[in-house]
Amino acid sequence: MLITLRICNKILHRRIFLLRTMSKASVSSYLIEESKYSFLKELGLEKNNKGVYHGVWTGNGETVTSICPSNNRPIADVIQGNLNDYENAIKELQKAWNVWADIPAPQRGEIVRQIGDALREKKSALGKLVSLEMGKILPEGEGEVQEYVDICDYAVGLSRMIEGKVLPSERPGHALLEMWNPLGAIGIISAFNFPVAVYGWNNAIALVCGDVMLWKGAPSTNLCSIAVIKIIQSVLEKNKLPGAICSLVCGGADIGSAMAKDTRLPLVSFTGSSRAGLQVAMEVQKRFGKSLLELGGNNAIIVADDADLDMVIQSAVFACVGTAGQRCTTTRRLIVHEKVWFSLL
């Protein structure tokens, strides 16, 4: 199992190296140009994609090439955002919140319902993209999209259940009313291993609460981020709503750092390593902001003396190598009862 984890880490490091070093001049053939990968264009992707969206698509930062980890071939290019793009996105985000917050929660829920339906229509294509760009198996790629759909369904119900309290007042003829208000504009920073589902969990709930959001996905899965936002864009435009409600800035650590320090984002949701999460949490706390953190794990399977070893083996293999070994719940250790251990020697 340790060998498998080391191999997965080597694959990850190689992907990062390729992402940083491959230039457009060295690329001769892109997967998006081949008929086998026609689902990419079905998602609105092109050979050259702009990676910033706040009602319009733009991007003035570094151009990076998204690489398929299974064959090391380029998929497509993405023009990422720079700090000026980020600043423009934040300004448009604040304008969009003035519109979105005034819409009643059940109506916001209706928009989320439409987003869920749009995702259903693109489930197969988007699942294939997740598998192609991230490296997990196809059923897991489609499963990510389904998780997003499911959380949309859940959020639609919540949009009609946002509670408040009526409290007694010491003043005659008066009552105290408790009402929950949206935070405003929030930041979402997601990891490469779940390039669709993690954003979906944040996005659907935040939308029904009346929040708008700025998303920075992982640079190695920029195409997944762009494809998701294009799906959401179609719903917002159909309902004549500002596209900046769900803004996107593809970029590197400079964008993530700006989000963590930005007082205009009262909450930042971060998914990634414990080390990076600690840095984000400290920067957000310095300005008395709120943070949601989903970080790495150190998980073990405990094998008791009466365990079904066939089940143990199947469980351990899946827990170790599922999602290409890149998951916060990936098994790192086996704690085996001595009777079982000696029986295997």
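Helices (H or I, at least four residues) and strands (E, at least two) are DSSP runs, numbered from the N terminus. By that rule, Asn299 is found in strand β13, residues 299-303. This is a predicted model: local features need pLDDT of at least 70, side-chain atom pairs count only at pLDDT 80 or more, and totals for chains, interfaces and linings use all residues. Residues are numbered from 1 along each chain as its sequence is written, and side-chain values use heavy atoms, with hydrogens and water left out.

**Records from UniProt**

- UniProt positions are given in the numbering used here, feature names are shortened, and annotations may be inferred rather than shown by experiment.
- The unreviewed UniProt entry carries the annotation "domain: Aldehyde dehydrogenase" over residues 59-341.
- Across residues 59-341, the chain is 48% helix and 19% strand. The end C-alpha atoms of this stretch are 56 Å apart.
- The unreviewed UniProt entry also lists Glu294 for "active site".
- Glu294 has its place in strand β12, residues 290-294.
- Glu294 is partly exposed, with a relative accessible area of 31%. Here buried means under 20% relative accessible area, exposed over 50%, and partly exposed in between (1.4 Å probe, protein chains only).

- Asn299 counts as partly exposed, at 26% relative accessibility.
- Asn299 and Thr331 are 32 residues apart in sequence, yet their C-alpha atoms are 5.0 Å apart in space.
- Most residues other than glycine have a negative phi.
- Thr323 has a positive phi, near 55°. Thr323 belongs to the loop between α11 (309-321) and β14.
- Ala324 also has a positive phi, near 55°, and its place is in the loop between α11 and β14.
- Is Thr323 buried or exposed? At 0% relative accessibility, Thr323 counts as buried.
- Ala324 is partly exposed, with a relative accessible area of 30%.

**Salt bridges**

- Side chains of opposite charge can pair when their charged atoms come close.
- The count comes to 11 salt bridges. Each is a side-chain nitrogen of Lys or Arg within 4 Å of a carboxyl oxygen of Asp or Glu.
- Glu33 pairs with Lys47, with the closest N and O atoms 3.4 Å apart. Glu33 lies in the loop between α1 (2-21) and α2 (39-42) and Lys47 in the loop between α2 and β1 (48-50), so this pair ties together parts that are 14 residues apart in sequence.
- Both ends are partly exposed: Glu33 has a relative accessible area of 45%, and Lys47 is at 35%.
- Arg73 pairs with Glu34, with the closest N and O atoms 2.4 Å apart. Arg73 is in strand β5 (residues 73-79) and Glu34 in the loop between α1 and α2, so the bridge ties together parts that are 39 residues apart in sequence.
- Asp117 pairs with Arg120, with the closest N and O atoms 2.9 Å apart. The two are 3 residues apart in helix α4 (residues 105-121), so about one helical turn separates them.
- Salt bridges that share partners join Glu110, Arg113, Asp117, Arg120 and Asp153 into one network.

**Aromatic rings**

- The whole structure holds 4 aromatic pairs. Rings of Phe, Tyr and Trp (its six-membered ring) pair if their centres lie within 6.5 Å; planes under 30 degrees apart count as stacked, over 60 as edge-to-face and the rest as tilted.
- Tyr37 and Phe39 have ring centres 6.2 Å apart and planes at 65°, so the pair is edge-to-face. Tyr37 and Phe39 are buried.
- Tyr53 and Trp57 have ring centres 4.8 Å apart and planes at 40°, so the pair is tilted. Tyr53 is buried, with a relative accessible area of 1%.
- Tyr148, Tyr199 and Trp215 form one aromatic cluster.
- Lys230 lies over the face of Trp57, at 4.5 Å from the ring centre. A charge sits over a ring if NZ of Lys or CZ of Arg is within 6 Å of the ring centre and within 35 degrees of the ring normal.
- The charged end of Lys136 sits over the ring of Phe194, 3.8 Å from its centre.
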